[in-house]
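Let's take a walk through a protein together. Have the sequence and the 3D view open, and follow along one piece at a time.

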Amino acid sequence: MIRSRLRYLSPFFTAGLIICILFSAVSAQQLPERLLVGYWHNWGNSPNSLRLTELPDAYDVINVSFAVPSEQMGAEMIFTPDPGIYPIGAEFIDDIQALQTQGKKVLISIGGATAPIHVENADDAALFVSSMLELFDQYGFDGMDIDLEGGSLLLDAGDTDFQNPTSPRIVYFIQAVQDLLADYGDGFILTSAPETAYVQGGHSAYGGIWGAYLPVLHALREDLTFVHVQLYNTGSMFGRDGNIYESSTADFHVAMADMLLAGFAVSGGSYFDPFNAEQVAIGLPASNQAAGSGYTSPVLVHDAVTYIVLGEPYGGSYQLSNIEGYSEFRGLMTWSINWDVDNNLEFANSYRTFLDTLDIDAVQNQLESGFGLPHNAILSSVYPNPFNSQVSITFDLPQSTRFDLIITDITGRILEKTFCSANWSGRQQYHWNADGYPSGIYLYQIAAPGLSTTSGRLLLVK
């Protein structure tokens, strides 16, 4: 849980420089700065059956789906590993521990689309808490993901203030979660995956399901590790600028994220304050088959996330509230890892290295401007980027020297290497023809004796 706001300088090494980047710490949780989150199906053949230890290494947080009520619309929560996947239940616990040993976090997600949870009074709240405590004790989960759908949260008539809710189903659910958190220390991870109508929908209307998550998010904002709204199975939505944005577009993803990053006016006159940037991620389907709508091509997601994190516009119509971007934006969630495996790991392959190299882009901006760099820095730029066939890498050598230019894939395998044994100086340009390579992220590095090494990211989209 994010209870403190300790901040410190961490050295970030790239291009032969040590650049200090300021970021928030949640040391007790030991989560990476940039996250890839995915849901795991506790049922078979939809589209496949996977044990936890068979999941791709790209994912940092795995949401086990789902703990559900013992009876329809109840409050007592139950969970049993699918015997078709885990004939021996103890092996499920072993696999959780194996992932935890690797530094990954395994959460239990509650609810889901077909299992609404109703916590409507004090007895329900107590039952919810006691049953969830039993699941944590039995399986050793690192925390809980709140995935309430199907009317689990509903604003009653006359409930008009998200800061002071009166709907029993909301009031007692908040109480239940707070009571559950009281049993754990700061290492407990709490996340949430609401649908757009329940959050951003509160901007245009507040009542029923519209905005119904806002009281929960507001009451738990100091406890939520991160929130990843489901930007799928949704229609068009109003942004905080009053304009309507269509799903499956870069503008939609930026606009919906910006509402939590910058805050927004709630229908009726109140204002929902922003979350800290490290508490905000966005949720996307892993393929067209994974959700009814909302699948977005990786190149558009790259555009959206690069704009959110670095403030680098892609030419869309939505204008980010903070022109410098939100460098601590947390990352991406997908429904689901099973669907990603079915789709040849497009999600993991498109976004793991992309998230990890976003800061390379930030450093690259400084390299291109030359601001605050030593006299021996090699300044470089790339155009176009993304590219679909050929790309030009331009760089300046501040002194006469020989140099190496290397292009690798994301695994570090060298694809191209240019070695210049003569002493060159000034502006150089290298053209790479990538016709023979698949779409993906590639890296380049330029090194020269006596000069700082520079590197950058190339995005090939065919």
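How many residues does helix α3 have, and how far does it reach from its first C-alpha to its last? Helix α3 (residues 168–181) has 14 residues and reaches 20 Å, close to the 20 Å expected at 1.5 Å a residue. That expected span is 1.5 Å times one less than the number of residues in the helix. Before going on, keep in mind that this is a predicted model, where local features need pLDDT of at least 70, side-chain atom pairs count only at pLDDT 80 or more, and totals for chains, interfaces and linings use all residues. Also, residues are numbered from 1 along each chain as its sequence is written, and side-chain values use heavy atoms, with hydrogens and water left out.

Stay with α3 for a moment. Its buried residues are Arg169, Ile170, Phe173, Ile174, Ala176, Val177, Leu180 and Leu181. They cover an arc of only 160 degrees around the axis, so they sit on the same side of α3. (Buried means under 20% relative accessible area, exposed over 50%, and partly exposed in between, using a 1.4 Å probe and protein chains only; the arc is that of the directions from the helix axis to the C-beta atoms.) Among the elements covering these buried residues are β6 (105–112), α2 (122–139) and β7 (143–148).

Now zoom out. The chain has nine helices and 20 strands; these are DSSP runs numbered from the N terminus, with helices (H or I) of at least four residues and strands (E) of at least two. Of the 462 residues in the chain, 55% are buried. Take the contacts (heavy atoms within 4.5 Å) with a separation of 6 or more: residues 24 or more positions apart account for 70% of them.

What about charged side chains? The structure holds eight salt bridges, each being a side-chain nitrogen of Lys or Arg within 4 Å of a carboxyl oxygen of Asp or Glu. Arginine 51 forms one with aspartate 95, and the closest N and O atoms are 3.2 Å apart. Arginine 51 lies in the loop between β3 (35–41) and β4 (61–69) and aspartate 95 in helix α1 (residues 89–101), so the pair ties together parts that are 44 residues apart in sequence. Arginine 51 is partly exposed at 24% relative accessibility, while aspartate 95 is buried at 8%. A network of salt bridges links Arg51, Glu91 and Asp95.

Arginine 352 is worth a look too. Aspartate 60 forms a salt bridge with arginine 352, with the closest N and O atoms 2.7 Å apart. This pair links distant parts of the chain, 292 residues apart: aspartate 60 is in the loop between β3 and β4, and arginine 352 is in helix α8 (residues 346–356). Arginine 352 also meets aspartate 356 in a salt bridge (3.0 Å, N to O). Those two both lie in α8, four residues apart, about one turn of the helix. Aspartate 356 is partly exposed at 45%, whereas arginine 352 is buried at 13%.

Finally, how confident is the predictor? The chain averages a pLDDT of 88, on a scale of confidence in each residue from 0 to 100. Over residues 1–28, though, pLDDT stays under 50. Where pLDDT is low, the predicted coordinates should not be read in detail.

Note on methods
pLDDT is the predictor's confidence in each residue, from 0 to 100.
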